[in-house]
Amino acid sequence: LKKANDDKFLSLYGAYEKKNTYEPDPGYQGLASSSDGMNWKREKDESILSIHGPGEVSDWEKHSIYQPWLVEHDGVYYNFYNAKQMPEWIEQIGIAKSQCLYEWERHNDNPILSVSRDGFDTQFCSDAKVFWDDVEKHWVMFFYGVGRGAAHIMIAFSRDLIHWERDTTPLYQAGGNPSGLDRKYAHKVSLVYNPRNETLYMFYCAVGDEGRGIGLITSK
């Protein structure tokens, strides 16, 4: 979400061309605008990022484009997204850059975070959530990896938003809750900071013995 100079809000969003099913291929990204943050309309009729363009679409992203995560730094907008490669069904993370939010250019060396050969993210590196750590003076990416039979919450670090070093040990491994809440999947995080108690709250999608729900882990 970005407040534009002409007193309107702009937001990237993910969309699919089919209804009544979960994340049907192919996915697209669009740009929407609002004057009050409540009522939205398409700012562009065509997608800003898809399997059809702009630019060259590489093999790793030819089957679906998933949700955007927007970062603004030094006058440049960075769109972090994960994409699907079939028939292997591998998902990896790339970026596109823009000066204005309307026109985007894919990074030449995508994906910026690829699946590992032997670890907790051998099939998916997905759903990047990127933040600046003002204490350590580096960027932090929370993402989820799929490997070893489950989905796990992972973390990576960068100085420039382009080159990333992942921690091969999950930040939180599926099955960590003794109730079985997240025995299969711990993924798709949302991070909230409470300054009153200086605590980070990480909500995540949990899939376990009783189906799908919301889990929570905290920094203290």
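# Close-up views of a predicted model

The structure holds 11 salt bridges, a salt bridge being a side-chain nitrogen of Lys or Arg within 4 Å of a carboxyl oxygen of Asp or Glu. This is a predicted model, in which local features need pLDDT of at least 70 and side-chain atom pairs count only at pLDDT 80 or more, while totals for chains, interfaces and linings use all residues. Residues are numbered from 1 along each chain as its sequence is written, and side-chain values use heavy atoms, with hydrogens and water left out.

**View 1. A salt bridge joins Asp25 and Lys84.** The closest N and O atoms of this pair are 3.0 Å apart. The pair links distant parts of the chain, 59 residues apart: Asp25 is in the loop between strand S2 (9-16) and strand S3 (27-34), and Lys84 is in strand S7. Strands (E, at least two residues) and helices (H or I, at least four) are DSSP runs, numbered from the N terminus. Asp25 is partly exposed at a relative accessible area of 28%, whereas Lys84 is buried at 5%. Here buried means under 20% relative accessible area, exposed means over 50%, and partly exposed lies in between (1.4 Å probe, protein chains only).

**View 2. Lys44, Glu46 and Glu103 are linked in a network of salt bridges.** Lys44 is buried, with a relative accessible area of 12%, while Glu46 is partly exposed at 48%. Another salt bridge is formed by the side chains of Lys62 and Asp59, with an N to O distance of 3.1 Å. Lys62 is partly exposed, its relative accessible area being 41%.

View 3. Pro54 belongs to the loop between strand S4 (41-42) and strand S5 (64-65). Pro111 is placed in the loop between strand S9 (105-106) and strand S10 (124-133).

**View 4. Arg148 and Lys188 have positive phi angles.** Arg148 is not a glycine, although its phi is about 55°. This residue is in the loop between strand S11 (138-147) and strand S12 (150-158), and it counts as exposed because its relative accessibility is 55%. Lys188, also not a glycine, has a phi of about 55°. Lys188 lies in strand S14 (residues 185-194) and counts as partly exposed because its relative accessibility is 27%.

**View 5. The largest pocket has a volume of about 490 Å³.** A pocket is defined on a 1 Å grid over the protein atoms alone, as an open set of points where a 1.4 Å probe fits, with protein on both sides within 12 Å along at least five of seven lines; lining residues have an atom within 4 Å of a point. Grid points are joined across faces, edges and corners, and a volume is the space filled by probe spheres set on the points. Of the 19 lining residues, Tyr22, Glu23, Phe124, Tyr144 and Lys188 lie nearest the centre of this pocket. Strand S7 (76-85), S10, S11 and S14 each contribute at least two residues to the lining. The lining comprises eight nonpolar, five polar and six charged residues. In this classification Ala, Val, Leu, Ile, Met, Phe, Trp, Tyr, Cys and Pro are nonpolar, Asp, Glu, Lys and Arg are charged, and the others, Gly among them, are polar.

**View 6. The second largest pocket contains about 330 Å³ of space.** Its lining residues include Phe131, Trp132, Asp133, Asp134, Val135, Leu191 and Val192. S10, S11 and S14 each supply at least two residues of this lining. By class, the lining has 10 nonpolar, no polar and two charged residues.

**View 7. Val192, Phe203, Ile214 and Leu216 make a nonpolar surface patch of about 360 Å².** Patches consist of residues with over 30% relative accessible area and no salt bridge; like charges are joined within 9 Å, and nonpolar side chains (Val, Leu, Ile, Met, Phe, Trp, Tyr) within 5 Å. Accessible areas come from the Shrake-Rupley method with a 1.4 Å probe, and for residues only the protein chains shown count as cover. Phe203 is part of strand S15 (residues 199-208) and is partly exposed at 33% relative accessibility.
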